[in-house]
Amino acid sequence: LYNTDMADNIKSMKLYHQVGRVFNEISALGIKDSDPLDVSVLSAFDQYHYLGTDAVDEAIRALEIHPEMEVIEIGGGIGGPSRHLAFTSGCHMTALELQPDLNSVASKLTVRCNLQDRVKHICGDILDELTDNKQ
């Protein structure tokens, strides 16, 4: 059963601290804030999950993801897996993220990687989408 009070509490939680630290990592490499980014460089520190891009590459192989596919990532974080999927396979990604700060960072990084035509970031709650569509 969907509990709206619990969902509202989750939305207000800060599940990740120092969201902007990725910009510190980029800066430490000597890359300026206005410089474009290479996905392969960014992938070293934008994957908020175990096994990094190896896990994403395995998903691409196992699911046979290709350029004509549209893929959704629920809980997109700062967008690392979505960018890697789009860059590596050529697919079109939609990354849904609950937290506005993560979604904002994800969007900025995607633009700097010039992948905004392949990766769309949406700030929202999948449970809202599911319950809205049931009515």
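Q: What makes the pair Glu58 and Arg61 a salt bridge?
A: A salt bridge is a side-chain nitrogen of Lys or Arg within 4 Å of a carboxyl oxygen of Asp or Glu. The closest N and O atoms of Glu58 and Arg61 are 3.2 Å apart, so the pair counts as one. Both residues lie in helix α4, three residues apart, about one turn of the helix. An α-helix has 3.6 residues a turn, so residues three or four places apart point the same way.

Q: What kind of model do these values come from, and how are residues numbered?
A: This is a predicted model, in which local features need pLDDT of at least 70 and side-chain atom pairs count only at pLDDT 80 or more, while totals for chains, interfaces and linings use all residues. Residues are numbered from 1 along each chain as its sequence is written, and side-chain values use heavy atoms, with hydrogens and water left out.

Q: What makes up the secondary structure of the chain?
A: There are seven helices and three strands. Helices (H or I, at least four residues) and strands (E, at least two) are DSSP runs, numbered from the N terminus. Along the sequence they follow the pattern α-α-α-α-β-α-β-α-β-α.

Q: Why is Glu58 classed as it is for accessibility, and how does Arg61 compare with the cut-offs?
A: Buried means under 20% relative accessible area, exposed over 50%, and partly exposed in between (1.4 Å probe, protein chains only). Glu58 has 43%, so it is partly exposed. Arg61 has 55% and is therefore exposed. Across the chain of 135 residues, 36% count as buried.

Q: How many salt bridges does a search of the whole structure find?
A: The search finds two.

Q: Are Asp46 and Arg83 buried or exposed, and why?
A: Asp46 has a relative accessible area of 2%, so it is buried. Arg83 is at 0% and is therefore buried.

Q: What makes the contact between the side chains of Thr110 and Arg83 a polar one?
A: A polar contact is a pair of N or O atoms within 3.5 Å; within protein, one must be able to donate a hydrogen and the other to accept it, and residues adjacent in sequence count only if both atoms are side-chain atoms. The Thr110 and Arg83 side chains make such a contact at 3.0 Å. The side chain of Thr110 makes another with the side chain of His121, at 2.6 Å.

Q: Where is Thr110 found, and why is it called buried?
A: Thr110 is found in helix α6. Its relative accessibility is 1%, so it counts as buried. The buried residues of α6 also include Leu102, Val105 and Leu109. Elements that cover the buried residues of α6 include α2 (21-28), α5 (80-89) and β3.

Q: How do you know that the span of α6 agrees with its number of residues?
A: The expected span of a helix is 1.5 Å times one less than its number of residues. For the 13 residues of α6 (residues 100-112) that should be 18 Å, and the end C-alpha atoms are 18 Å apart, so the two agree.

Q: What makes the axes of α2 and α6 count as roughly parallel?
A: Axes are lines fitted to C-alpha atoms, for helices over the stretch in contact, and angles run from 0 to 180 degrees between N-to-C directions. The two axes come within 11 Å and cross at roughly 30°. That makes α2 roughly parallel to α6, because angles under 35 degrees count as roughly parallel, over 145 as roughly antiparallel, 65 to 115 as roughly perpendicular and the rest as oblique. The contact (heavy atoms within 4.5 Å) is made by Val22, Phe23 and Ile26 of α2 and Val105, Leu109 and Arg112 of α6.

Q: What is noted about the phi of Asn114?
A: Most residues other than glycine have a negative phi. Asn114 has a positive phi of about 60° although it is not a glycine. Asn114 lies in the loop between α6 and β3, and at 54% relative accessibility it counts as exposed. Glu64 also has a positive phi, near 50°. Glu64 is in the loop between α4 and β1 (70-74) and, at 61%, counts as exposed.
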